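Walk through this structure one step at a time. Keep the sequence and the coordinates at hand.

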Protein chains: 2
Amino acid sequence: MNAVVKAIFFDVFGTVVDWRSGIANAFDQAFAKSGADIRARDLADAWRAEIAARLLETAGDAADEARYVPLDTTHRETLAKVLDDADLAHRLGARERAALERAWESLRPWPDSVPGLRALRREYVIAPCSHGSISMMTWLAKSAGLPWDLILGADLARCHPPASKVYTHCAAAIGLDPGEVMLVSAHNRDLDAARAAGLKTAFFSRPKEFGKGQTTDLAPADAWDVIAFDLLDLARHMEASLI
Amino acid sequence: MNAVVKAIFFDVFGTVVDWRSGIANAFDQAFAKSGADIRARDLADAWRAEIAARLLETAGDAADEARYVPLDTTHRETLAKVLDDADLAHRLGARERAALERAWESLRPWPDSVPGLRALRREYVIAPCSHGSISMMTWLAKSAGLPWDLILGADLARCHPPASKVYTHCAAAIGLDPGEVMLVSAHNRDLDAARAAGLKTAFFSRPKEFGKGQTTDLAPADAWDVIAFDLLDLARHMEASLI
């Protein structure tokens, strides 16, 4: 199977980086001098939920490039709603708010992510292929030390995962057929879409992504091509399959 | 000046990699078993001239995204013409011809290129921003070990350098103003266009790019922001300016 895989695409938020701790820390920092008594993790969860809802709203328009909205805009607009809902907007200076809007560009990788990516990069072209804009993914990679070969994803295809077109468009951009590409994600739904598009699939769970009460994506929901423990373990699987 | 530079874009063919030796070698390899008596460097020069002429033809349509032609297509079509003109097409098998069409993806870097890029990558986002397609630049980087942060260029902007729009579009794709980006090229014409687009500019000469008889781009044609000896020297200039 792996003989034909030439490139590996990645979901990023949750799969490669820990968004929840990072966004909670960003809320803490943004309000540090304000005296406001905030619940940073609840705010992080609320923001994530608003973003997911917004992406779901536009999912039906996935094929309509003219209506494509970069995730940067979605982050800005949903943050405004979260701050309003929590009656916190007036407690935040312009500079703190701007930093919070871009907090997704300085999240930390899970401990296995960077060594796993470095190992995979030796044999495969590796690239993020997620909701993130080219800009967001570039600065996140710079901050977190993610050694991508190039940045792919929503901006390039002008539609958002899980639209299959994201994956086929990005494979075509590097001259590959879908079957020559594998998608790696800790979210079963992404892999459904990638398999439908003809890509190979690899899953591992990130049981800490949503905090202690996580109930989703704790296990593979289908017989994905590779099921691993984490990104470093995936690299070992792929290495072994080359022998 | 450098305090505001956050990203550095690069011309690639000639500036970062030695296309002429590489393409001449590719012609030698392609015809090795054919018994044909070829002049590999002349064929390389002829191919390069056809490509340049074709790019010039479409330069006036640079703003017309619908008429954008990826360099992969141009390479394929101009190679066909070069082989026909030299009465060599019938001496080449399908496999050899396919390898030759993609020879631009396995060129060698100049000796200073990789260490220079590695040094620059520590402080700046670095990306190719040239005529090359995303696909071509990805596989070339993989082959030559070019440590780009991401791949930018003609495919992303859907127009070719020296159209200024290539540079402004690619700066915007990573969320930067043109003045926060520097273009590096061994070709004065690229730097004219980049400066017109508001970018900073850096030049060094590649006196061996076109072989012994080279008469162009041996010296800076304008007062570019940085004038260096080679890519490693450019990295030293940029490092010194940060202190």
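Start on chain B, with Arg118(B). Arg118(B) sits in helix α5 of chain B, which covers residues 113-121. Leaving aside residues up to four places away in sequence, Arg118(B) touches Gly145(B) and Pro147(B). Compare Asp84(B): 34 residues separate Arg118(B) from Asp84(B) in sequence, and 41 Å separate them in space, C-alpha to C-alpha. Bear in mind throughout that this is a predicted model.

Next, look at where the two chains meet. The contact takes 19 residues of chain B and 19 residues of chain A. About 1600 Å² is buried between chain B and chain A, and carbon and sulfur atoms give 62% of that area. Polar contacts link chain B and chain A too, in 12 residue pairs with both residues at pLDDT 80 or more. Which helix of chain B gives the most to the side that touches chain A? Helix α6 of chain B, residues 134-144, does, with five residues. By class, the side of chain B that touches chain A has 12 nonpolar residues, three polar and four charged.

Charged pairs also cross between the chains. Side chains of opposite charge can pair when their charged atoms come close. The count between chain B and chain A is two salt bridges. In one of these, Lys142(B) pairs with Asp149(A), and the closest N and O atoms are 2.6 Å apart.

Now turn to chain A on its own. Chain A is divided into two domains: domain 1 takes residues 2-18 and 106-242, and domain 2 takes residues 19-105. The centres of domain 1 and domain 2 of chain A, taken over C-alpha atoms, are 23 Å apart.

How much area is buried between domain 1 and domain 2 of chain A? The figure is about 2100 Å², with 55% given by carbon and sulfur atoms. Three residues stand out on the domain 1 side. Met136(A), Arg158(A) and His160(A) supply 29% of the area that domain 1 of chain A buries against domain 2 of chain A, more than any other three residues.

Polar links run across this domain interface as well. There is one salt bridge between domain 1 and domain 2 of chain A. Glu65(A) forms a salt bridge with Lys165(A), with the closest N and O atoms 3.4 Å apart. Across the interface of domain 1 and domain 2 of chain A, 10 residue pairs are in polar contact, both residues being at pLDDT 80 or more.

Some side-chain pairs join parts that are apart in sequence. Over all chains there are 12 aromatic pairs. One of them is Trp19(A) with Trp104(A), a stacked pair at 6.1 Å centre to centre, with 25° between the planes. Trp19(A) lies in helix α1 (residues 19-31) of chain A and Trp104(A) in the loop between α4 (94-101) and β3 (108-109), so the pair ties together parts that are 85 residues apart in sequence.

Salt bridges over all chains number 26. Take Glu77(A) and Arg54(A), whose side chains meet at 2.8 Å, N to O. Glu77(A) belongs to helix α3 (residues 71-85) of chain A and Arg54(A) to helix α2 (residues 40-57), so this pair ties together parts that are 23 residues apart in sequence.

Finish with the backbone. Most residues other than glycine have a negative phi, and most peptide bonds are trans. Arg158(A) has a positive phi, near 55°. Arg158(A) is in the loop between α7 and α8 of chain A. Pro162(A) is found in the loop between α7 and α8 (164-173) of chain A. A cis peptide bond joins Pro161(A) to Pro162(A), with omega about 10°. In chain B, a cis peptide bond joins Pro161(B) and Pro162(B), with omega about 10°. Pro162(B) has its place in the loop between α7 (154-157) and α8 (164-173) of chain B.

Conventions: Residues numbered from 1 in each chain as written. Chains lettered and ligands numbered in written order. Predicted model: local features only at pLDDT ≥ 70, side-chain atom pairs only at ≥ 80, totals over all residues. Heavy atoms only, no water. Domains from an automatic or database assignment. Buried area = accessible area lost by both parts, 1.4 Å probe. Salt bridge = Lys/Arg side-chain N within 4 Å of Asp/Glu carboxyl O. Polar contact = N/O pair within 3.5 Å; in protein donor to acceptor, adjacent residues only side chain to side chain. Phe/Tyr/Trp six-rings, centres within 6.5 Å; stacked < 30°, edge-to-face > 60°. Helix = DSSP H or I, 4+ residues; strand = E, 2+ residues; numbered from the N terminus. Contact = heavy atoms within 4.5 Å. Nonpolar A, V, L, I, M, F, W, Y, C, P; charged D, E, K, R; others polar.
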